[in-house]
Amino acid sequence: MSSDQIEALKEEIWRRAREKADQILREAEAEASRIIKEAKRRVEELARSRVEPEKLLLRRRIIGKAISDGRRMVIMAKNEVVKRAFEKAVEKLRKEAESKSETYVNFLRRSLERALEYVSGPDIDEVVIYANESDLNLVASMVKDAPMRVRLEKSPIIGGVNVLSADGRKSYYSSIESRLEALKPILGERVANLLFKGAEAA
Amino acid sequence: MSIASLLLEEKKAMIYVEEARKRAQEIIQRARAEAERIMREAAEEEAARRELWEYAERLKKEAEKIMSEYRARAEKIKAIPDELIEKAASLIVEEVLSYEL
């Protein structure tokens, strides 16, 4: 065997050895990477099974509270604005009553009619009408033909009347304050629709 | 050069491959040790607590953002124009005095 042949054989021996070693190391790296990846996957799985339920509770508590507080804040703001509208309405009603506008006088007449119709009866011979002092003369002129005895009393109401049978068995509240209070739920809703229409619901 | 020298080279090459095998074993052992460390840390209560604490901190920031959005909405509602309040008040007056309701 010539020395060239021997040299070629040596080269071949080393080429194969390097190739083998590289393959062994590549496979080891791949296996190491698989081992680490598997560990991370198991950790994630463990975390999901153990921590995730607690995370869900935390989310419900913290985010749920923020949403609920926020909604309350918006509702309170709306209530505040509706309250302002009612306060403004009371001012306007007071002006209407004080000026004895046609609308107010009509209202007063209808209030009286309804109240007397409700309170009157065969066993009722006297009624007491409570009205604002400035309305007493008006009321007196409106009830001069009433089929029962009428006693007028001044009352610190804005306007309208409250009527009671003298024996106290029947009563009808038709003052501005009573009507405002009675209509508040319906009016509150209508006012809110007017004020916040187009706005996102809280 | 002789056959003997070839045999010697063959032996050296085998040792070289053997060393590669040892390095490969070390690589795999290091990976196993790292995997165990990862698993051990995950199993610790402290790690879970830390993760939950970090999550809660993120949620608090998210909650603050939600609140500031609602706050802005509430401010916008409160800043409603006076004309609209006036219109609503007129509606109330009309209904109270009209006996329609």
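How much area do chain B and chain A bury between them, and what share of it lies on carbon and sulfur atoms? In this predicted model, the two chains bury about 6,500 Å² between them, with 76% of that area on carbon and sulfur atoms.

To see where this comes from, select the residues of each chain that touch the other: 62 residues of chain B are in contact with 73 residues of chain A.

Now keep to chain B and colour its helices, for α1 (3–43), α2 (45–78) and α3 (82–98) each supply at least two residues of the side that touches chain A. Among these helices, α1(B) gives the most to that side, with 23 residues. If you then colour the side of chain B that touches chain A by residue type, you will find 39 nonpolar, 4 polar and 19 charged residues.

Finally, move to chain A and select A:K100, which is found in the loop between α2 (52–99) and α3 (102–119) of chain A. Most residues other than glycine have a negative phi, whereas the phi of A:K100 is near 50 degrees, a positive value. A:K100 counts as partly exposed because its relative accessibility is 24%, and partly exposed covers the range between under 20% for buried and over 50% for exposed.

Key. Residues numbered from 1 in each chain as written. Chains lettered and ligands numbered in written order. Predicted model: local features only at pLDDT ≥ 70, side-chain atom pairs only at ≥ 80, totals over all residues. Heavy atoms only, no water. Contact = heavy atoms within 4.5 Å. Buried area = accessible area lost by both parts, 1.4 Å probe. Helix = DSSP H or I, 4+ residues; strand = E, 2+ residues; numbered from the N terminus. Nonpolar A, V, L, I, M, F, W, Y, C, P; charged D, E, K, R; others polar. Buried < 20%, exposed > 50% of the residue type's maximum accessible area, 1.4 Å probe, protein only.
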